[in-house]
Amino acid sequence: MPQYARDFITQVVLRADFAAGTAPIAGQLPEGVLSALEDYPERTSLNRSRTEVRVQKTPQGPVRDTRTINFQEHNFWTAGRTVHAAVCSEYVFVAQRQYEGYRPLREDLLALTEALAAQFPGLRIRRLGMRYVNEIKLPEADAGPGLGADFWEHYVNPLLLGGLRFAANDGALARHMCTTELNYGTDRATIRYGIFNGEYPRPNRRREFVLDVDAYCQGDLGPDVVPAKLDDYHAAACQVFEAAVTDALRARMNMG
């Protein structure tokens with residue numbers, strides 16, 4: 001994201017999901033992977049499972065084959081738990097709630113994927129993604145009065161506010177979230193935006209607007225494509241945010 005004195009980012013996740021069987025981690029992590037996590041002193045492991053459903057065609061018709069896959073998820077946190085990393089046979093991710101910039105997160109995920117690729121030469125990625133969650137909170141009195149579209153049009157692109165106008169501003173709105181999906185072939189983006197309301201189903205009483213951008217690709221990917229893909233997705237997330245907000249919000253973000 002561009003450098004602002006203040007931002008509204010509440011969660012960033014960079015994640016790679018592995019093709020089945022290409023990261024056969026069993027038990028403790030290899031030493032090379034642990035070396036990439038030296039800055040993550042707090043550690044714990046959890047037993048996880050996922051359900052896989054396959055439908056096979058037979059002369060008698062479709063047959064569902066369901067199986068449970070068990071695996072161990074290894075979790076790591078930096079001092080103060082500002083950054084969380086997880087590694088297992090199914091995926092790897094780094095996540096941060098108090099955003100401190102894209103580059104450190106990028107380097108940490110690359111260090112992990114490179115260490116895993118060195119340990120497992122057949123490593124393949126079936127999904128690679130980056131998610132930015134912005135919670136634009138403007139409770140300050142000088143931000144202006146109101147909760148509906150008449151308030152938010154000062155700070156959010158009016159093209160994103162049609163549903164709020166349809167709902168009117170009679171104090172009854174409990175939630176209004178929209179989803180837009182973009183398909184660029186191998187690259188995709190899902191954008192969720194609107195009024196989430198943490199007190200749902202009560203009527204909303206907060207000046208909080210969510211802009212959640214998830215950029216990703218699915219397919220058969222090698223670890224070598226990860227750096228360029230992450231840079232592309234970061235640029236896309238920045239472009240979406242800048243297109244979604246107004247100069248008035250940028251001014252507030254630079255107030256310090």
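## A tour, starting at a loop

Select Pro201, which sits in the loop between strand 8 and strand 9. Helices (H or I, at least four residues) and strands (E, at least two) are DSSP runs, numbered from the N terminus. The peptide bond from Tyr200 to Pro201 is cis, with omega near 10°.

Before moving on, note that this is a predicted model: local features need pLDDT of at least 70, side-chain atom pairs count only at pLDDT 80 or more, and totals for chains, interfaces and linings use all residues. Residues are numbered from 1 along each chain as its sequence is written, and side-chain values use heavy atoms, with hydrogens and water left out.

**Stop 1**

Is Asn197 buried or exposed? Asn197 is buried, with a relative accessible area of 5%. Buried means under 20% relative accessible area, exposed over 50%, and partly exposed in between (1.4 Å probe, protein chains only).

Now jump to Arg81, in the loop between strand 3 (61–77) and strand 4. Arg81 also is not a glycine, and has a positive phi of about 55°. Arg81 counts as partly exposed because its relative accessibility is 48%.

**Stop 2: the whole chain**

Zoom out. The protein chain has six helices and nine strands. Its C-alpha atoms fill a box of roughly 55 × 55 × 35 Å, taken along the principal axes. Of its 256 residues, 44% count as buried.

**Stop 3: helix 1**

Select Leu34, in helix 1 (residues 31–35). Which residues does Leu34 touch, not counting residues up to four places away in sequence? They are Leu29, Arg43 and Phe76. Contact here means heavy atoms within 4.5 Å.

At 43% relative accessibility, Gly32 counts as partly exposed. Gly32 and Ile125 are 93 residues apart in sequence and 19 Å apart in space, C-alpha to C-alpha.

**Stop 4: the cores**

Show the nonpolar side chains. A nonpolar core is a set of buried Ala, Val, Leu, Ile, Met, Phe, Trp, Tyr and Cys residues joined through side-chain atoms within 4.5 Å. The largest has 61 residues, and those with the most contacts inside it include Leu14, Val87, Leu116 and Trp152. Helix 2 (residues 102–119) gives this core its largest share, seven residues. A second, separate core has seven residues, among them Val13, Cys88, Phe93 and Ala95.

Click Val87. Leaving aside neighbours within four places in sequence, its contacts include Ile25, Leu37, His74 and Leu112.

**Stop 5: helix 2**

Colour helix 2. Its buried residues include Tyr102, Arg106, Leu109, Thr113 and Leu116. An α-helix has 3.6 residues a turn, so residues three or four places apart point the same way. Among the elements covering the buried residues of helix 2 are strand 1 (9–18), strand 5 (91–96) and helix 5 (226–244).

Check the length. The expected span of a helix is 1.5 Å times one less than its number of residues. For the 18 residues of helix 2 that gives 26 Å, and the end C-alpha atoms are 26 Å apart, which agrees.

**Stop 6: helix 5**

Finish on helix 5. Val226, Leu230, Tyr233, Ala237 and Phe241 are among its buried residues. These buried residues pack against elements including helix 2, strand 9 (208–221) and helix 6 (247–253).
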